[in-house]
Amino acid sequence: MIASLGATSTKEEDAAPAGRRGRAARAWLVPGLLGLAWLVVLLAHLRVPAPSDQLNYMLAARRFPDPVTEGTETHQLTRFGLVVPAALAVKVFGYSQAAYAVVPVLATLSLLLGTYALGTLLFSRPVGVAAGVAVVAATPVFNDSTDLLPDVLAVGLFTCALAIAVAVRKRDDPPSVWVLVGLGALLGWSYMTREFIVFLWPVIPVLLWRRAGLAGLAWTAAPIVVLGVTELLLCWRLYGDPLARLLAITGHGSGPSRPEIASTYRDKPRMMYVLRLPNTLRDHYPEGGLLVAMIGATLLGALAWPRRLVLPAALCALFWVPLTLLGGVIDPSAPKLRLQLIRYWFPIFPAFVLGGLAALWLLAMLLAARLPDRGRVRVVLPAVAVLAAAAVVSGVAASGWWATPQTRAGGATQMEAFRGWMHDRDGTYRRVWTDPDTRRILAVYRSGPFGGEAWRAEILVSRPGKPGPAAGDLVVFYDTERGKVCPYCKMEARRTWGDTSGNRPGWRQVFATPDRVLRVFEVSR
């Protein structure tokens, strides 16, 4: 009998860890598959580096820890939350495609998985899956998901921090110091990436207070203070003023603008600023009406189920109020922000998408509970409802952005083809001439996809009154006919060359992609 009891006890002890491992494996299976599937989508839709803010950040990363002295905007150069990880990517991969894409791809995956975790913790796994996919598939977010910009990264970091705070609140035991310090590091880094994210921070101490107390909040604040001081020191060392970033940010919206740009955000009726987000979504994006419906469902759901939807509604209010006040409600003649830029609104995309889908889930739960057979239907019906809604939103969005001309899936591999052509002829040509914007892109494709020098020719810009291409040089025209891949390049090329047909004495076309987006001419005299 004693032996028998001992044997049974041993088997149970062996089975318990195995059961825990099995549950852990199942818990990680869904987010793992979700992240892997979306990684495939992102890699297929890598975008050509844009010669705008994106390559400004890339330049700052390349120079870090030295300052950038060219005429790039200070607020971009001092967003160290993006510049520093991009600088690490440049150290690893060189000034290449991989260095440009790795940070935004990881940022998008953090937003996907952070939203999934938050939805799972607050509501259910189907809500988490649905919200995660709908957020990253939304056209505004997806368009920036492989570009080196700060907004998706800041939102991804905050969403992960928020999910940790919710998990801490749901546990019975107090959190460890390392969890609180890590949470604070995520918050601090999100601020260093995009300053507007601080409008959402007040929800964090509210969530932590019951479990962490004052001492726990102090541990969370410690890395925020350290990162804030680090930013001040970096601004002081690089740009001569510890407040360089704050001064640049506060003066950005009221700075000089061309009349056609200023007219889009200055001197408007105050209600236009309040409704800027829903109007922009509805007017410019195929799924915009569905996203606006999610905003409405979040607000109505908070009235119907205040305890369940208070967090998404509070996040929307915390961000919407200060952003619209600064964006023109206080002083329409001098807004501090340009609210027509949809990426400024990214911080509340997870909140209203999650709130809208959760309201649908709660309503479906209520209806399922009234059905005669409440067993499996009670679980399946709400899950099907939210997953179907997310599929519709994501499908409508994807119909607009799938394989667009700026992405690899849409054929934007012309620069890669030119890199291969130049690599095969490395040493044949000493100089490559082009316009200023195309030059910035060519600098990335001068390296291999993951670093290393692909070709050595010097890249030069033709300028009026200055020496131009000579015999044996190449001239590159990029997207000068349609301007669908790089509209900036088309405009700059016409300013630089005037005629971009290539029909000039002594010019001979030596390479062109089949779609004629990229054309190369050799100068013979």
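**Cores and rings**

Analyst: The largest nonpolar core has 142 residues, and F349 and F352 have the most contacts inside it. Such a core is a set of buried Ala, Val, Leu, Ile, Met, Phe, Trp, Tyr and Cys residues joined through side-chain atoms within 4.5 Å. The model is predicted: local features need pLDDT of at least 70, side-chain atom pairs count only at pLDDT 80 or more, and totals for chains, interfaces and linings use all residues. Residues are numbered from 1 along each chain as its sequence is written, and side-chain values use heavy atoms, leaving out hydrogens and water.

User: Which helix gives the largest share of this core?

Analyst: Helices (H or I, at least four residues) and strands (E, at least two) are DSSP runs, numbered from the N terminus. The largest share of the core is eleven residues, and these come from residues 150–170, helix α8.

User: How are the rings of W507 and F521 arranged: stacked, edge-to-face or tilted?

Analyst: Rings of Phe, Tyr and Trp (its six-membered ring) pair if their centres lie within 6.5 Å; planes under 30 degrees apart count as stacked, over 60 as edge-to-face and the rest as tilted. The centres of W507 and F521 are 6.0 Å apart and their planes are at 40°, so the pair is tilted.

User: Why does this pair tie together parts that are apart in sequence?

Analyst: W507 lies in strand β4 (residues 507–512). Because F521 lies in strand β5 (residues 518–523), the parts tied together are 14 residues apart in sequence.

User: Is W401 buried or exposed?

Analyst: Buried means under 20% relative accessible area, exposed over 50%, and partly exposed in between (1.4 Å probe, protein chains only). The relative accessible area of W401 is 4%, so W401 is buried.
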